Amino acid sequence: MALYDDARGREGFEAGVRMAVQRILASPRFVFRLEQAPAAIRAGQPYGNGDLDLASRLSFFLWGTVPDAELVKAARQGALKNPAVLEKQVRRMLADPRSRALSTRFASQWLRLQDTDQTRPDPLIFPQWDHTLTDAFVEETQLFFDSIVRDDRSVLDVISADYTFVNERLAKHYRIPNVYGSHFRRITLTDDARKGLLGKGAILLVTSHAHRTSPVLRG
């Protein structure tokens, strides 16, 4: 308010509002999610997260947005320190449709799926490629990662899972028969080369050049 009062006194109401908004937008507390360290902690000394900070971490990691009322209530009550309560909240959040953010945001950034739009296979060598296929690659990988999380499967499935998700366009590319329609469905793989993340078209695409594969990038 001091900045608002100062600017208003010098240049009028609009200048005061403009200065206040500029100050808010420039504040690190507006731009970043800051976590409050306990007052008694010395510099460099480790400490546990407070309940509200933990709730924020959980929500942005699993949902990509702010905590809901139930999670905030549990945090204010100090209940998140109880492992049973924490597990219950995590499972509740994973069951919520908003947890799709875990695969569409975290997995996409981790696996660089956004780079699929920047990789354009040479149409003279790969005449069947188009953006519909690229979009299917990304959707397949996101659904695959999401299934591992939701089904609480072993982390080893990331490498060795014998299933994936395809629609007709993607099944045709993978030479998988009897798949029709634009909707994705889970299928069991018989081709060992397609198992796990390393067999997904999206991963192979972002680790290739436009006209050939790249052992260096894939390594």
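The model is predicted, so local features are taken at pLDDT of at least 70 and side-chain atom pairs at pLDDT 80 or more, whereas totals for chains, interfaces and linings use all residues. Residues are numbered from 1 along each chain as its sequence is written, and side-chain values use heavy atoms, with hydrogens and water left out.

**Helices α4 and α6**

Select residues 51-62, helix α4, together with residues 83-95, helix α6. Helices (H or I, at least four residues) and strands (E, at least two) are DSSP runs, numbered from the N terminus. The two axes come within 10 Å and cross at roughly 25°; axes are lines fitted to C-alpha atoms, for helices over the stretch in contact, and angles run from 0 to 180 degrees between N-to-C directions. The helices α4 and α6 are therefore roughly parallel (angles under 35 degrees; over 145 is roughly antiparallel, 65 to 115 roughly perpendicular, and the rest oblique).

Next, show the side chains of L54, L58, S59 and L62 in α4 and of L86, V90, M93 and L94 in α6, which make the contact (heavy atoms within 4.5 Å). By class, this contact of α4 with α6 has seven nonpolar residues, one polar and no charged. Ala, Val, Leu, Ile, Met, Phe, Trp, Tyr, Cys and Pro count as nonpolar, Asp, Glu, Lys and Arg as charged, and the others, Gly among them, as polar.

**Helices α7 and α8**

Move to α7 (residues 101-111) and α8 (residues 131-150), whose axes lie 9 Å apart at an angle of about 115°. That angle makes α7 roughly perpendicular to α8. The contact of α7 with α8 comprises seven nonpolar, five polar and one charged residues.

**Strands β1 and β2**

Now select β1 (residues 163-166) and β2 (residues 185-188), which pair in the antiparallel sense over four bridges; pairing requires that DSSP find at least two bridges between two strands. Y163 has T188 of β2 as its bridge partner. Within β1, Y163 and F165 point one way and T164 and V166 the other, and all are buried (under 20% relative accessible area; exposed is over 50%, partly exposed in between, with a 1.4 Å probe and protein chains only).

**The loop between α10 and β2**

Finish at R175, in the loop between α10 (168-174) and β2. R175 is not a glycine, yet has a positive phi of about 65°; at 77% relative accessibility, R175 counts as exposed. N178 also belongs to the loop between α10 and β2. Phi of N178 is positive, near 65°, and N178 counts as exposed at 62% relative accessibility.
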